[in-house]
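Open the model in your viewer and keep the selection tool handy. We will walk from one selection to the next, with a word on what sits at each stop.

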Amino acid sequence: MNKDLNKVILRFTISLVLLISLNLYNTSYSFGEVNKLDILIQNQEKQEELKEKINELDNILESKNQDLKVENGQYVSSDDSKSLEVVTISFVPQEYETSKIDEISSEIVALEENRNILDKELQDAIIEGVQLEKIIEEEVKAKLKSENIEFVTGIWPLNDYKDISSGYGYRIHPITNVKSFHKGIDIPAPQDTDVLAIDDGIVSFSGYQNGYGNVVKIKHFDGKTTVYAHNNSNVVKKGDIVKQGDVISKVGTTGNSTGNHVHFEIIINEKNINPIEGVIK
Ligand SMILES: [Zn+2]
């Protein structure tokens, strides 16, 4: 088969796949009745998909560049301590050699073009996401001002468990036996009970921290931060956009903990408040 035709078909196919995927993104982006938070979630998904595609392209490009080096007779053994091992291609007819190099080169050009388009798309999505976050924050702040309140009251972080085993304030620490300030409330519940986001927000931390064990922290659009600690597992990751009531983790007893419970905190203006003031029980 004609090699030039092959190249054309390859470039056309890559471009077509790209165009279709970009169009799918664009159609999901029509504003209107859609909730701004949903648009922000779509934006985040778009960013993740684009990053994944760019990653895939980078891997393909790396292997194509490696192929090109081999074809050019520049292939070098990965072990630098050995003498340079050059792959010889002396048995390959000269004509074939050149066209193979041309073919790989044009594939690389096509892939790089597509990578640039995806990268531009990603940069646009990042800017769009930041702008959307700002718009949502401003709307929430306008609401706070008009209602003359400091923050948005959230829902209780567990569905069926409302008891508090240890309240906010000074207490004798159950592990150290030393009087210390308890920055949150402890809500006991069975292992793997769903822990819920008390309000809309963006996950600012999800991971393991000394004392807290597995902990999720959410930055909300009104400026408050909530903390959910001692989880058996976290189900969200940093950067995830969560809606009020979304499951963010599962109850556990990781870190400094004597039994299955959620240690829950609310922080406003970098100060902890009594969390029961910030949620509806
Ligand atoms: Zn606690």
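Start with the largest nonpolar core, which has 27 residues; Val195, Tyr228, Ile248 and Val262 have the most contacts inside it. A nonpolar core here is a set of buried Ala, Val, Leu, Ile, Met, Phe, Trp, Tyr and Cys residues joined through C-beta atoms within 7 Å. A residue is buried if 20 or more other C-beta atoms lie within 10 Å of its own, exposed if 12 or fewer, and partly exposed in between, with C-beta atoms placed from the backbone. Next, colour the elements that each supply at least two residues of this core: helix H2 (36–71) and strands E4 (185–188), E5 (194–196), E7 (213–220), E8 (225–231), E10 (241–242) and E12 (261–268). Helices (H or I, at least four residues) and strands (E, at least two) are DSSP runs, numbered from the N terminus. The core draws at least three residues from each of domain 1 (3–147) and domain 2 (154–280); these bounds come from an automatic or database domain assignment.

A note before you go further: this is a predicted model, in which local features need pLDDT of at least 70, side-chain atom pairs count only at pLDDT 80 or more, and totals for chains, interfaces and linings use all residues. Residues are numbered from 1 along each chain as its sequence is written.

Now show the open sheet of three strands, ordered E5-E11-E9 with antiparallel pairing. Its edge strands, E5 and E9, each pair on one side only. Two strands pair if DSSP finds at least two bridges between them. E5 and E11 (residues 247–250) share three bridges, and leucine 196 has valine 247 as its bridge partner in E11. On the other pairing, two bridges join E9 (residues 233–234) to E11. There, serine 233 stands opposite lysine 250, while asparagine 234 partners serine 249.

**Strand E6 and its partners**

Move to E6 (residues 201–209), which pairs with E7 in the antiparallel sense over eight bridges. Phenylalanine 205 finds its bridge partner in lysine 217 of E7. The hairpin of these strands has three residues between them, and glycine 211 takes a positive phi near 85 degrees in it. E6 also pairs antiparallel with E10, over two bridges; look for glycine 201, whose partner in E10 is valine 242.

**The helical stretches**

Select 37–67 and 101–128, listed by UniProt (unreviewed entry) as "coiled-coil region". UniProt positions follow the numbering used here, feature names are shortened, and annotations may be inferred rather than shown by experiment. In the model, residues 37–67 are 100% helix, with end C-alpha atoms 45 Å apart. Residues 101–128 are also 100% helix, and their end C-alpha atoms are 40 Å apart.

Draw a C-alpha to C-alpha distance from asparagine 55 to arginine 115: the two are 60 residues apart in sequence and 9.3 Å apart in space.

**Zooming out**

Finally, show the whole protein, with its three helices and 14 strands. Of its 281 residues, 23% count as buried.
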